[in-house]
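Colleague: I am new to this one. Please show me the structure, and then let us go through it briskly.

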Amino acid sequence: MSELNEREVYLDNSATTPCFPEVVELMNRIFLQEYGNPSSLHHKGVEAEKRIREAKETFAQILKCRTDNIYFTSCGTESDNIALIGGALANERQGKHLITTQIEHAAVSESMRYLESQGFEVTYLPVDRYGRVDPESVRDAVRDDTILVSVMHMNNEIGALEPIEEIGRIIKEKNPKTLFHVDAVQSFGKAVIHPQKMHIDFLAASGHKFHSPKGVGLLYVGDGVKVKNILFGGGQQRGLRSGTENVPGIAGMALAAKMIYSHLDENLDRLYAMKQSFIDRVTKIEGVHVNGPTGRESAPHVISLSIEGVRAEVLLHALEEKKIYVSAGSACSSNRPHVSTTLVATGTPREFLDSTIRISTSELTKEEDLEYAADALEEIVPFLRRYTRR
Ligand code: PLP
């Protein structure tokens, strides 16, 4: 086998990322030596509690907020659920109207469906062909009884980048009481996020999307924001999120965040440059189209390609033969087949819905990895198309 064939190229980082080795090392030490329950009063508990306090300090520094604004959860989905369901329930006396977009992750859209079943009314805002929400459509939609608006920061399927700060400002201008939730699961670690400046009341992030483990998430809750707990138990984290904290995961997630934010600008320059070179190359292949925005107006790590006459699943497995791992459309919600709501909402032609793959990078992706993937696409796409057309 040649060296090339042995190479593994992981380009599914929007689904999940590998942990940084430093993160695993730290977590290992905590698993084996600092295994106390942070609620215990003895030394082992105090030691564990210190890890959580330090993690809160790290996130408070990154998000430019107070440590009391930070809560730890089990994943991005849980953070979104607490914010939306807990936020809606705590504020329902003020109104029962909610606003979101047509391109949210299921963690948001399914929470909204649940709230509809509980008597709330939800407005689903459309997006343009680049997946962008028009801030003026938010202004038109906010009413006196609108208690919460939820707009994702970076879209997981096509890499749309929403004008969060402008949307936040408009929401508060129209109704200062309306809360603003931002799903930042794809953007945390890929952008500077300043909730206060962006008028954000709730912000969700997830460790496994930025080189820390699965099973740990983050929720920012702004000062004075009312939110009901949806878990009942021991009252940890001031009653909002009962359950023993995942100390190794929390400490690991904080270390990964610290590492990423220490060289964010340099990393973003590299990711955007790699994305552009890859797009320049693959769009020269006949019938290959890019979905969503490009350049600095897009997520730096997500590339969505529709390939005329080739089924995404077939292409995914052909790339897998070469140990190149990508996803079909968006595979991050579950493995059941589904039509991508984002692709439909952005007006993607029907014939492309089954012909779209997502390539997603991370700071561990090398330029050669994308070159190797582009070589593979140049070889495989014309070959598969010949077979499909017969
Ligand atoms: N929100 C977005 C935009 C996502 O991409 C994902 C996962 O892919 C989630 C929420 C859910 O995060 P988690 O897998 O941590 O529950």
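Colleague: At roughly what angle do the axes of H4 and helix H5 cross?

Modeller: This is a predicted model, where local features need pLDDT of at least 70, side-chain atom pairs count only at pLDDT 80 or more, and totals for chains, interfaces and linings use all residues. Residues are numbered from 1 along each chain as its sequence is written, and side-chain values use heavy atoms, with hydrogens and water left out. Axes are lines fitted to C-alpha atoms, for helices over the stretch in contact, with angles from 0 to 180 degrees between N-to-C directions. The axes of H4 and H5 (residues 106-117) come within 9 Å, and they cross at roughly 30°.

Colleague: Are H4 and H5 roughly parallel or roughly antiparallel to each other?

Modeller: Angles under 35 degrees count as roughly parallel, over 145 as roughly antiparallel, 65 to 115 as roughly perpendicular and the rest as oblique. H4 and H5 are therefore roughly parallel.

Colleague: Is the crossing of H3 and H8 left-handed or right-handed?

Modeller: Helix H3 (residues 43-62) packs with helix H8 (residues 247-261) at about 30°, their axes 9 Å apart. A crossing is left-handed if the near helix is turned anticlockwise from the far one by less than a right angle, and right-handed if clockwise. For H3 and H8 the crossing is left-handed.

Colleague: How do H2 and H8 run, roughly parallel or roughly antiparallel?

Modeller: The axes of helix H2 (residues 21-32) and H8 come within 9 Å. Their crossing angle is roughly 155°. H2 and H8 are therefore roughly antiparallel.

Colleague: Which residues come nearest to the ligand?

Modeller: A residue is near if one of its heavy atoms lies within 4 Å. There are 14 residues around the ligand. The nearest are Thr-77, Asp-183, Gln-186, Ser-206 and Lys-209.

Colleague: What share of the ligand does the protein bury?

Modeller: A polar side-chain atom of Asp-183 lies 2.6 Å from a ligand nitrogen atom, and one of Lys-209 lies 2.5 Å from a ligand oxygen atom. Taken alone, the ligand exposes 390 Å² (accessible area by the Shrake-Rupley method, 1.4 Å probe). The protein buries 94% of that.

Technical notes: Polar contact = N/O pair within 3.5 Å; in protein donor to acceptor, adjacent residues only side chain to side chain. Helix = DSSP H or I, 4+ residues; strand = E, 2+ residues; numbered from the N terminus.
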